[in-house]
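Subject: Structure handover

Hello,

I am passing this structure on to you. Please have it open while you read the notes that follow.

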Amino acid sequence: AVVSTQSTGTDENLEQVLSEEPLMIVFVYTDWCGHCKATFPIWEEVATSINGNANSKTKVFSADIEVNKKIHNDWDVTSFPTIFYLRGGERKLFSETRSSLNMFKFIEVNEQDPVLQISQADLEDVIASTDLAIVGEFSDAANSKWFKLLAWNLGYSSFYHVEESTKDRITVYSQHEGKPKQRVISDLTEKDKVEELVKKYRRPYVIPFSREAHLLTFEIKDRSLSVLLFHDHAEEGSEERLAQFGMAARAYQNDCTFVEMDMANGYVKMFTNFFGVKTADLPIVYLADTSKQSENLAKTKDITESGVAQLIEDFLAGTAETSAPKKEAEDELPEDWESRSLKYLTSDNFVSYVTTPERAVLVMVHKESCPHCVKMKPIWEDLAEKYKEHPTLKVAELKSSNVAQIKDLTVQKVPTILFYPTQTGSDLSTAVEYEGDRTLKGVEEFIFTQLSKNKDEL
């Protein structure tokens with residue numbers, strides 16, 4: 001049902017709808033936003049289609065921030081238009097390109113029940129047929145409701161709810177690397193701790209690295225040690241090598257994150273410069289400590305359970321032979337630098353690009369050998385893609401090796417994020433440095449704050 005599409009909802013009718021805790025998609029806009037005006041026809045198409053679909057579970061709400069002050073103040077809206085999906089009072093942000101196809105997919109995925117209902121008799125079959133099952137058993141309806149929201153927020157497809165249970169617990173059944181394991185969480189009072197335990201228990205001992213698994217790799221808080229196996233997964237003998245690596249992972253799972261870096265994966269190759277890995281070096285295991293900026297790498301060619309264990313023990317004891325990441329090669333300006341979503345800057349084009357009056361530029365100064373920069377890279381690529389059609393804002397990158405050659409540019413640390421507003425002229429001192437959390441949400445809030453100083457830029 002469409003709560004409001006062409007007409008704008010009010011705080012009062014929004015409160016009434018939210019009290020029912022519906023499944024709902026909300027389009028947040030403002031009349032002076034050019035992107036909002038361009039998206040209105042797409043939004044109307046989506047809203048009309050949902051309204052005409054008797055099988056749709058999703059309600060639609062349009063919210064003008066000038067009218068819906070509650071949304072603007074309470075929902076952390078930092079750019080326009082912003083689209084949320086709501087379930088049980090929780091919100092999930094739409095972050096894809098604003099097309100009707102992407103919006104329909106967003107709705108379809110989020111209105112599905114994130115938890116599969118099963119009976120006690122089905123449980124044994126579920127455990128036997130899947131590598132991962134996160135099973136909730138609840139006599140308390142509040143815990144059951146929270147479990148469903150947890151599944152929805154984490155976006156996993158492995159949550160099950162045993163119907164008509166007299167217990168209150170979550171059990172994580174896993175068979176990672178062929179080793180069955182059962183972990184029970186019976187204390188459900190501190191929901192944040194329970195969520196962290198679910199994240200921890202559901203992870204495979206060894207994470208196959210990819211763009212999709214990037215956030216999974218780093219989702220555990222306060223985990224700075226990563227052990228990475230660089231090899232060719234298709235190569236003969238790789239399964240035995242991975243099995244040895246997995247045994248070490250089981251032994252040290254509470255200390256380190258273990259990652260398989262399959263060199264056949266193009267995304268993995270983006271990180272080889274950081275370690276200085278070449279094809280001739282394979283297979284090789286690196287240990288990286290992301291809490292340090294230098295002398296934070298150790299490596300071994302002994303890819304057995306005992307060899308990897310020895311590397312970890314030596315590193316923890318401070319006796320391992322460590323090295324700094326590879327220094328960056330001399331930077332050259334690619335021919336297609338300006339046509340890329342993420343603009344590539346060097347000492348040759350930096351000043352002229354960031355001081356062009358009609359554009360604002362958000363630039364990250366980074367170093368390939370910096371672990372924090374490596375973590376930030378996917379976020380920066382996502383930002384560049386999201387804002388590639390923006391009329392004034394451009395997202396760019398600059399390797400730190402260029403800084404010394406750029407007059408009046410001072411960088412104390414990497415990564416450093418700088419916003420150059422329009423009408424900068426030739427004065428680089430007008431840049432505003434970002435000091436917040438290195439997250440997509442944090443940087444977008446910063447962008448909104450800077451662009452909102454001139455509404456025409458939003």
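How much space lies in the second largest pocket? The figure is about 430 Å³. Please keep in mind that this is a predicted model.

The lining of the second largest pocket consists of 17 residues, and those nearest its centre are Met270, Glu368, Lys377, Glu381 and Glu397. Two or more lining residues come from each of helix H11 (272–275), strand E16 (342–345), strand E17 (360–366), helix H14 (371–386) and strand E18 (393–399). H14 gives the largest share, with four residues. Sorted by class, eight of the lining residues are nonpolar, two are polar and seven are charged.

The other item is strand E12 (residues 225–231). All seven of its seven residues are buried, so E12 is largely enclosed by the rest of the structure. Buried here means under 20% relative accessible area. Leu225, Val227, Leu229 and His231 point one way from the strand, while Ser226, Leu228 and Phe230 point the other way.

E12 pairs with two strands that I looked at. With strand E14 (residues 284–289) the pairing is antiparallel and has six bridges; Leu228 is found opposite Tyr286 of E14. With strand E13 (residues 257–262) E12 runs parallel, again joined by six bridges, and Ser226 is opposite Thr257 of E13. Between E12 and E13 the chain passes through helix H9 (residues 238–251), and this β-α-β crossover is right-handed.

Regards

How values were computed:
Residues numbered from 1 in each chain as written. Predicted model: local features only at pLDDT ≥ 70, side-chain atom pairs only at ≥ 80, totals over all residues. Heavy atoms only, no water. Buried < 20%, exposed > 50% of the residue type's maximum accessible area, 1.4 Å probe, protein only. Pairing = 2+ DSSP bridges. Right-handed = clockwise from strand over helix to strand, strands pointing away. 1 Å grid on protein atoms, 1.4 Å probe; cavity = no way out; pocket = protein on both sides within 12 Å on 5 of 7 lines; lining within 4 Å. Points joined across faces, edges and corners; volume = space filled by probe spheres on them. Nonpolar A, V, L, I, M, F, W, Y, C, P; charged D, E, K, R; others polar.
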